[in-house]
Amino acid sequence: MVAEEPDLRGSYCLVTFSANEVTISNESEEVSGTVLTRVSRYPAYHYGDVLKLNGELETPPQFEDFDYKGYLAHQGIYSIIYYPKIEILDRGKGSKPLQWIYSLRESLSVSLARALPEPQGSLAQGILLGVRSNIPDSLNQAFSRTGTAHLLAISGLHVGIVIGMLLSFGILLFGRRHYIYIWLALVAIWLYALLTGMRPPVIRAAIMGSLFLTAEYLGRQRSAITALAFAAAVMVGIQPQILWSVSFQLSFLAMAGLISFYPYFQTWGRRGIAALFGAREKIAAAANMITDGFAVTLAAIIAVWPLVAYNFNVVSLVGLPATFFSLPALPAIIVTTALVAFAGLFAPIVAQFLGWIAWLFLSYLLLVVQGFDALPLSSIEVSTVPDWPIWAYYVALTIIIGFINHKEQVAGFFSKLALR
Amino acid sequence: MAGNTVKLWSRFPKKWLIPPLLIAAFLVWSAVSAMPDDKLHISFLDVGQGDAILIQQGSQQILIDGGPDTQKINLELSEKLPFWDRTIELMISTQPQADHITGLVEVLNRYEVKQVLEPGVPYVSSIYQEWLKLVEDKGIKHKLARAGQEIDLGNGIKIEVLNPPTDLFEGTSSDVDNNGVVLRLSTGKISFLLTADIRREAEFELIGQRANLRSTVLKVAHHGSKTSTSAQFLAVVDPEIAVISVGATNPFGHPSPEVVERLKERLGEDKVYLTSQNGTIEFITDGESLWVRIER
């Protein structure tokens, strides 16, 4: 049976197939396990299709610059079949809710594709639905060279915006009584996580978001670092292999960076602004917004750049300004593309009109990313990075965090030493 | 009642009007700058190893083939079409092989296509089946192309269908190739001959019928393969410019050096354009003059 919605690529598609019976030279045997198959793009297969594959099981190859075998093994896949002969035995045998979610995801992504030109359309599919297969390679590279790839990966930022929208909508509809809006948001978070394909960053954000919402419901205090650690524990507990997933690592480091550094950068930035424009309130307020924006980005970049260099062999030098200019467009993009996608289900004409507004914001994002990418020296390509500098960097970073968080204790310790 | 509205209006913070007005201004500005002109545009789109040709006249579009890739054709179309235009008036599939039709499947999914034209030769492939199924599901008008048909674009622009003949080719070196849709687009003094993937057999048949082949621009048949573009055919068409739609690296060795040499000898070094070298090649004409715009 097809175990997940197939991953569509340019001219082929990857289908994750869970087998329950294998026949070798006319002898059948019941088995269990997953196998990846590469098939041509058409006819299309869907989650829940029961297929009979006729082909040769192969061990995934190991490329010089990419450990494909290891990459698949982390997903619990140990064999691959290239272009098998396929016979469809049955359709729609998956779990009903999943089937519904997947078909909703597909309809939404189709309505985006119909309403928007390219590459805005595929960009919208990536940002809103986590469907990244249609994004042209050149654009993907532009995003990673300018250090803005995190805008494409659905993460806490996206979940936050979606939840914010739903919460304000829920409060508007039901008021704050009975905490209905909290239940609504909880359901919405997890539906959105399912809709976007349950990738590690989304699950992380969904767990943290749920914890915050529960805290609000119980009237307890929220602690970001506790929520982060809890999310990590739950995810690793359920699927230990996830520790090796790059998106898991990036997501947690970025969040940890935000939690540990952002407050300090923000205070420093604001202090600087106060010293500069102290008396002029309006200018100071605007300048504060700008420094806050830079503080967020800087906090995340400090935490992730070595890992990005290690995995993608690129260090972006324009990540800070590129993110600063593209980030404001993101909420607008998420809101407008969500409207386009849903309108497309019922009234394609309306979706087209809304699409023009979404097109404007998406084009702005493209302009910023491609503009920064075109600058000379926007990024440095690094060759293979050994492990130890990465480890050393993170150990040092942890010590610094520990030091600034416990300044008084440390100072106290040293003064005690001195007193003796 | 009216008083209430006035009161509400006066309470409405005026600065909230700024973002919507800004958005509207930007949209109008983008729309005006993307407005099509009144000239005829013929673009040989860079879609890799395959064919894809877009004809634009005002807001009318005719797409001839879609190339071998589902993504490139959409990127190219988005670049050429204004952002609000989601309709393609006519889609022509010159033949059902993957390097012509794969992109068209995605275009059917994304654009509103009013009519399709194709040779309707027997051919079994999953991609062609998918294309046929989509055309049927969407209720798009489906016509078979045969020599003698004419498409009128207005403003004195017309397209004649020269191939396939009413009795399709049978038993040639490749019936699918030879039954490809050959079109001659003409406006005033300028004309284009679009020859799909036809081979020598179809070329000689066209010469024998004394079809109106003489054209300013020739789309070289079959990606410059040596199966086509015979010296005789070239002499009859007598083009000033030739375009080869071909991918930079392809397993077929297209275009054949022999054909490229033949073309360059006849037309001159700088009159032969290749999509693999020049990227998308756009011709613009008012019926009198012809301009060429290349990507690289």
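Mentor: A salt bridge here is a side-chain nitrogen of Lys or Arg within 4 Å of a carboxyl oxygen of Asp or Glu.
Trainee: And what sort of model is it, with what ground rules?
Mentor: It is a predicted model: local features need pLDDT of at least 70, side-chain atom pairs count only at pLDDT 80 or more, and totals for chains, interfaces and linings use all residues. Residues are numbered from 1 along each chain, chains are lettered from A and ligands numbered from 1 in written order, and side-chain values use heavy atoms, without hydrogens or water.
Trainee: How many salt bridges cross the interface of chain A and chain B?
Mentor: The rule finds one. Glu118(A) pairs with Arg110(B), with the closest N and O atoms 2.6 Å apart.
Trainee: How much area is buried between chain A and chain B?
Mentor: About 2000 Å², with 60% from carbon and sulfur atoms. That is accessible area (1.4 Å probe) lost when the two parts are put together, summed over both.
Trainee: How many residues are in contact?
Mentor: 21 of chain A with 23 of chain B, counting heavy atoms within 4.5 Å.
Trainee: Switching to strands. How do E2(A) and E3(A) run?
Mentor: Antiparallel, with 12 bridges joining residues 12-24 to residues 27-40. Strands are DSSP runs of E, at least two residues, numbered from the N terminus. Glu21(A) stands opposite Glu30(A) in E3(A).

Terms used:
Two strands pair if DSSP finds at least two bridges between them. Helices (H or I, at least four residues) and strands (E, at least two) are DSSP runs, numbered from the N terminus.
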